[in-house]
Amino acid sequence: MKKTLVILLIGLAIGWVTLGGTQVIMHTTSDTEFCLSCHSMQIPYEEYQGSKHFSNAKGIRAECSDCHIPKDPIDYVWTKVRASKDIYHEFVTGKIDTEDKFEEHRMAMAQTVWDQMKSNDSATCRSCHDFGAMDTYEQSDNAVKMHEYGKENGLTCIDCHKGVAHFPPVAEMDSEAYDNLKAEAENTSESAKHVYTVSSAEMGELGRINPAVALDVISANGNERQVLLNGYQMQGAEQVLYMGEGQRSIIASLTEAGQSALKVGEFKEDEYGNKWRSAELTATIDAPVLPSSDPLWAYAEELDNVYCSACHAKISASHFTVNAWGPVAKGMGDRTDISELDLEILTKYFQNHAKDIAGAAH
């Protein structure tokens, strides 16, 4: 009996030392101070210091482990095992030991974290945030709408919140795709009866047509085309033409001469008290155009993938109305390096497929 007790005590001691020691090591290597012992973590730490997760009105701070180490035992251990590669690159390869190297690998590193969070349904986010605990009256209208969209479409936190504590990778699309689009436009046949602008098209003294606008061709001579532009005017904003009645998607800007050259209908008041009338303008342009909107919208979808979906889940164009897409696209575009031309094409794509005109031919 005494021998058995001794063996049991020895076993307990060994278990306490090994398991307890392991727990101490696991805990110690999870705190923020340990993370910062690696020189390569200084860049993400400085970004984190400028985020709401570091400093906020509530005085609640999320440490590195709160976001990067799941609480589930299996995920916890697996995450610690995977982290060994960080030690290897810190002390052996020096893979991200300079700012330039860090930026070179930022996208790959971010994607690894995003994939992990996607696979576990953003478990670390949900350990603090919960849809049921959200006070929607404290949220902006857009936040409420997007959270509802996320719930309805089975999205997880990281789908939309990829740049919460660290700068997201800078999204850029090279010029080759647009150059190909423009080259295709320059080969558009003179016989094309319906065309689409791929950039701004000057109308001489009449004004300017925006990119991604549909035109009817009256006659053509080489690249010079006489076209018919159909749109709508709103009383009080006669210097521009809109895509549709009540739809604030600007398709052209007009000079005084352009306004005088319009053929217009009668103003009719809409349900909001604004007065609209149909308007058409015959003009001459010398600009590249496409005979179909298909390549233009395919290019816009590439822009969506690069500049929008890189930071959040892809949002269907039919999710917002024509009028809502204008400010939404501009607000999101301001957070990226997207060019003015590309943003205009992307916005027109959203507006031409918006929920209030979904199914219409554009």
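Visitor: Which residues in helix 7 do Ile43, Pro44 and Glu47 in helix 3 meet?
Guide: This is a predicted model, in which local features need pLDDT of at least 70, side-chain atom pairs count only at pLDDT 80 or more, and totals for chains, interfaces and linings use all residues. Residues are numbered from 1 along each chain as its sequence is written, and side-chain values use heavy atoms, with hydrogens and water left out. Helices (H or I, at least four residues) and strands (E, at least two) are DSSP runs numbered from the N terminus, and contact means heavy atoms within 4.5 Å. On that basis, Ile43, Pro44 and Glu47 meet Glu99, Phe102 and Arg106.

Visitor: How do the residues of the contact of helix 3 with helix 7 divide by class?
Guide: Ala, Val, Leu, Ile, Met, Phe, Trp, Tyr, Cys and Pro count as nonpolar, Asp, Glu, Lys and Arg as charged, and the others, Gly among them, as polar. The contact therefore divides into three nonpolar, no polar and three charged residues.

Visitor: At what angle do the axes of helix 3 and helix 7 cross?
Guide: Axes are lines fitted to C-alpha atoms, for helices over the stretch in contact, and angles run from 0 to 180 degrees between N-to-C directions. The axes of helix 3 (residues 42-49) and helix 7 (residues 99-119) come within 10 Å. Helix 3 is roughly perpendicular to helix 7, a label for angles of 65 to 115 degrees. The crossing is at roughly 75°.

Visitor: At what angle do the axes of helix 13 and helix 15 cross?
Guide: Helix 13 (residues 294-308) and helix 15 (residues 340-352) have axes that come within 9 Å. Helix 13 is roughly perpendicular to helix 15. Their axes cross at roughly 110°.

Visitor: How many nonpolar residues has the contact of helix 13 with helix 15?
Guide: On the helix 13 side, the residues include Leu296, Trp297 and Glu301, and on the helix 15 side they include Ile345, Lys348 and Asn352. By class, one residue of the contact is polar and four are charged. The number of nonpolar residues is 10.

Visitor: Within what arc do the buried residues of helix 13 fall?
Guide: Buried means under 20% relative accessible area, exposed over 50%, partly exposed in between (1.4 Å probe, protein chains only). Among the buried residues of helix 13 are Tyr299, Ala300, Leu303 and Tyr307, and the buried set packs against helix 11 (176-186), strand 1 (194-197), strand 11 (289-290) and helix 15. The arc is that of the directions from the helix axis to the C-beta atoms. The buried residues line one face of helix 13, because they fall within an arc of 155°.

Visitor: Which exposed residues does the face of helix 9 turned away from its buried side carry?
Guide: In helix 9 (residues 141-152), His147, Tyr149 and Gly150 are buried. These buried residues fall within an arc of 160°, so they line one face of the helix. The face turned away from them carries Asp141 and Glu152.

Visitor: Is Thr79 buried or exposed?
Guide: Thr79 lies in helix 5 (residues 73-82). Not counting residues up to four places away in sequence, Thr79 touches His68, Ile69, Pro70 and Gln116. At 11% relative accessibility, Thr79 is buried.

Visitor: What is phi of Ala212 near?
Guide: Ala212 lies in the loop between strand 3 (207-209) and strand 4 (214-221). Ala212 is buried, at 6% relative accessibility. Its phi is positive, in a residue other than glycine, and near 60°.

Key: Parallel < 35°, antiparallel > 145°, perpendicular 65-115°, else oblique. Expected span 1.5 Å × (residues − 1).
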